[in-house]
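Hello,

Here is the structure I promised to pass on to you. Have a look at it, and then read on for what turned up in it.

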Amino acid sequence: MAKAQPHRKKHVPQRTCIACRKKTDKRRLTRIVQTAEMSIVIDSTGKKNGRGAYICDQEACREKILSTQLLNKAFKTEVSKDEKATIAKQLAQSLGSEKHG
Ligand SMILES: [Zn+2]
């Protein structure tokens, strides 16, 4: 027997992509976090503590955060070239793993 479904929308947390400023379901965004060691990394589990920023899955947004000062602004700090390189690598990996299922 089917349960009666009330017409209530499921609440999905929304976050804003720092690159395109669009609001999207949190689950579809990639979280970038500043760790206690003050390094900026991709938070693939979504559970790391620290100041977080979100970007959506558009390639343009990924490129934008790496080529502009957006990360510096989001974290109010200077994100080093090394950190950006790590983020770029992790983003590429997360894309790759999605494709392989
Ligand atoms: Zn975006």
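This is a predicted model: local features need pLDDT of at least 70, side-chain atom pairs count only at pLDDT 80 or more; totals for chains, interfaces and linings use all residues.

The protein has 3 helices and 5 strands, and from the N terminus on the elements run β-β-β-β-β-α-α-α. Of its 101 residues, 22% count as buried. Among contacts between residues at least 6 apart in sequence, 48% join residues that are at least 24 apart.

**The sheet**

E4, E3 and E5 make an open sheet of 3 strands, in the order E4-E3-E5 and with antiparallel pairing. E4 and E5 are at the edges with a single partner strand each, so one side of each has no neighbour in the sheet. On average, neighbouring strands here are turned by 30 degrees against each other, direction ignored.

Towards E4 (40–43), E3 pairs in the antiparallel sense over 4 bridges. Towards E5 (51–55), the pairing is also antiparallel, and 5 bridges join the two strands. Gln 34 shows both sides of this: its bridge partner in E4 is Ile 40, while in E5 it stands opposite Arg 51.

E3 and E4 form a hairpin with 5 residues between them. Met 38 lies in the loop between these strands, and its phi is near 70 degrees, a positive value in a residue other than glycine. Most residues other than glycine have a negative phi. Met 38 counts as exposed, because it has 10 C-beta neighbours inside 10 Å.

Arg 21 sits in the loop between strand E1 (14–16) and E2. Is Arg 21 buried or exposed? Arg 21 is exposed, since 9 other C-beta atoms lie within 10 Å.

With 13 other C-beta atoms within 10 Å, Lys 26 is partly exposed. If neighbours within four places in sequence are left aside, Lys 26 is in contact with Pro 13, Gln 14 and Arg 15. For Pro 13, the C-alpha to C-alpha distance to Lys 26 is 5.6 Å, and the two are 13 residues apart in sequence.

**The core**

The largest nonpolar core has 19 residues, and Cys 17, Ile 18 and Ile 55 are those with the most contacts inside it. The elements that give two or more residues to this core are E3, E5, helix H1 (59–67), helix H2 (70–75) and helix H3 (81–100).

What does Cys 17 touch, not counting residues up to four places away in sequence? The residues are Lys 22, Thr 24, Leu 29, Tyr 54, Ile 55, Cys 56 and Cys 61.

**The helices**

Cys 61 brings us to H1, where Cys 61, Arg 62 and Ile 65 are buried. Seen down the axis of H1, the buried residues fall within an arc of 100 degrees, so they line one face of the helix. An α-helix has 3.6 residues a turn, so residues three or four places apart point the same way. On the face of H1 turned away from the buried side you will find the exposed residues Glu 59, Ala 60 and Ser 67.

Finally, there is Gln 90 in helix H3. Gln 90 counts as partly exposed, because it has 16 C-beta neighbours inside 10 Å. How far from Asp 43 is Gln 90, going by their C-alpha atoms? These atoms are separated by 9.4 Å, although the residues are 47 apart along the chain.

Best wishes

Note on methods
Residues are numbered from 1 along each chain as its sequence is written. A residue is buried if 20 or more other C-beta atoms lie within 10 Å of its own, exposed if 12 or fewer, and partly exposed in between; C-beta atoms are placed from the backbone. Two residues are in contact if their C-beta atoms, placed from the backbone, lie within 7 Å. A nonpolar core is a set of buried Ala, Val, Leu, Ile, Met, Phe, Trp, Tyr and Cys residues joined through C-beta atoms within 7 Å. Two strands pair if DSSP finds at least two bridges between them. Axes are lines fitted to C-alpha atoms, for helices over the stretch in contact, and angles run from 0 to 180 degrees between N-to-C directions. The arc is that of the directions from the helix axis to the C-beta atoms.
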